[in-house]
Each structure stands twice: as structure tokens, then as C-alpha cells.
Amino acid sequence: MVGSGIGALASAIDLAARGCRVLVIERASSAGGKAQATRIGGVEIDAGPTVLTMPWVFDELFDAAGGSFRDAVALDRATILARHAWIDGARLDLHADRARSAEAIGEAFGAREARAYSDFCDDARRIYETVEEPFIRSQRPTFASIVKHAGSIGLSAFARIDGMRTMWRALERRFADPRLRQLFGRYATYCGSSPFDAPATLNLVAHVEAEGVYRVRGGMRALAAALEDRARALGVEIVYDTAVDEILVRRGRAWGVRAGGEIHEADAVVFNGDVSALGAALLGHDASRAAPPTPRDARSLSAVTFA
């Protein structure tokens, strides 16, 4: 396993629970990847993600690995999902309670926009419910598997996922006020995309947030620590302060890595890093064939965060 971000730790837990011997190699001094903290004036502040959604993912991961996520990590459900401010003085809080959010939107932008928000939430829920099984919960969705699943819910359901227009187009049709289009268009940036290019299907993120936004007691580092503890309990070996210099490939298949001057052989290699690093041959020329290079001007920026 190359890297020890949240995805790598989850993969390590899953593999170890299935009986695999797992070695994680991390160039930093601690696990977590982007879920790191910085200390300012004696106070530890999350330097990456700050909240958690869809905790059921971790519930199921820990359950399958003989543990309890809720025993390992303390969560507090946020009553205010997000606080927004515009340079013109407008302010808007989105609440965990949908009715309160609609009321706040009505007070700030008018009754028409409050109704539009309620309709938007209904659409987001329908999209999520349609794609949850064939996309979100599917390991490797294919056209055939999607069509097979559609047979049980009706092919017409897929016409409702709004995948043939962009998020921005859908938001233009929904909200008259450009500030609300801007607000909900930010959901595309959660996966490094743009509302002007991403399909309107991604509006389902609004439903994900409505289902619950949670703060992790102790910060997101506590989440990484809990994952690390569960991995180690399953026998996962984690090596820090060691960079992987090369993913070794033979006859088109990865068979190990070179790290810290040593060769580590493996039946399979999991790379939990920026895919552009592979394409740029930062992990060796042979491994670069696994992904196309991404030009610098084509890379996306998720957010600029001030804490």
C-alpha cells in the first residue's frame, strides 16, 4: 500500500479483514493524508477536511473488520451545515433541519427561492436514491451492471438523474438569484470539478449533506488515528518516514515497490496518491502506463481554505 491517507487505511482494513497481509509505506511521519492538523498558538486546527458525511461508510467498514466505528470515534451532528456570506452583506445559514433552511432562504432571498430550494432538495433526494446502489455502493460499475440494476427499479428512473445537462444549467433553471446558484454550484468542487462542466447528477451532494454533517471530536486526525488503530489490530504493518521511489512492474503487472533503498515484493500494489503522479512517472516509467499524464493547466482546485 503506497500512502496512508483515509482511502489507504480503509483499503488496508478491508484487505486485512479478508486475510491479506498488508504493508503500508508512508513518506510522512503520521497517517491520514489530507486529514492532517496544524498547530497554531498551541491550538490544533484541521488543515484539510473539517467535517464528515456518510458515516455509514465507516460503520460498515468497521463492522466487517470486527470493530465498532462509533466506539472508536465520537461524532457530533452539526445543526448548522454551513454559513455563507457575500460581499453585498447577504448572509445565509443552511441548517440540518430542512424547514429552517427554507425559512432562512425565504427571509434572505424571497418566498420564490424558498420554494425552489424545497423542490431542489426533493430532486437531490430522488437522484441519490436512484444512483446509490448501482453507482455509490458498486465496486466497479459497468454499463451492463447498471442496466441489470435498472431492471429492478425501471429504466425510466435513470432519466431522472439529470445527467444530460450541467449542474450550472440545472441551477439556472431552478434558482433566480445568482448567489444561490453560486452556493449550490460549489458542490461540484467537492470532487475537484466545475459546475459548468459536471453533470447535474452531482446535485445529489445536497441530499448527502441534508442526511447529516458531523464533527469528529478531536478533529479529523482522530478519524485517521481510529483507522490506523483498527488496521494495526488486524495485523497491518505501517512504515513511516519512507518514500516509495518506484512501483515495480513486470509483464504489465505490479509486483512490488522500491522504498528506502529496499525492495518489497507483493502480490498486488495499491496506490493511494494523486493519479497524476503516476502519469508523470514519479513512481517509475513502467507504472506511468497505468494513468495518462495530466497537464498542469488541466488540474483542478477543490478549495482555498482559511482557518
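Begin by selecting Asp 46, which lies in strand 3 (residues 43-46). Strands here are DSSP runs of E with at least two residues, numbered from the N terminus. The model is predicted, so local features need pLDDT of at least 70 and side-chain atom pairs count only at pLDDT 80 or more, while totals for chains, interfaces and linings use all residues. Residues are numbered from 1 along each chain as its sequence is written, and side-chain values use heavy atoms, with hydrogens and water left out.

Stay on Asp 46 and show what surrounds this residue. Apart from neighbours within four places in sequence, Asp 46 is in contact (heavy atoms within 4.5 Å) with Gln 36, Ala 37, Gly 219, Met 220 and Arg 221. Asp 46 is buried but has no salt bridge. Buried means under 20% relative accessible area, with a 1.4 Å probe and protein chains only. A salt bridge is a side-chain nitrogen of Lys or Arg within 4 Å of a carboxyl oxygen of Asp or Glu.

For charge, Lys and Arg count as positive and Asp and Glu as negative; His and the chain ends are not counted. Then select Met 220, whose backbone nitrogen lies 3.0 Å from a polar atom of the Asp 46 side chain.

Two strands pair if DSSP finds at least two bridges between them.

Strand 9 and strand 10 are joined by 6 bridges. Select Val 249 and find Ala 254 opposite in strand 10. At the hairpin of these strands, with 2 residues between them, Arg 251 has a positive phi near 50°.

Which residue in strand 10 is the bridge partner of Leu 248? Select Gly 256. On the strand 11 side, Gly 256 stands opposite Glu 265.

Finish with strand 10 (residues 253-259) and strand 11, which pair over 4 bridges. Val 257 has His 264 as bridge partner in strand 11. In the hairpin of strand 10 and strand 11, again with 2 residues between the strands, select Gly 260, where phi is positive and near 60°.

Key. Buried < 20%, exposed > 50% of the residue type's maximum accessible area, 1.4 Å probe, protein only. Polar contact = N/O pair within 3.5 Å; in protein donor to acceptor, adjacent residues only side chain to side chain.
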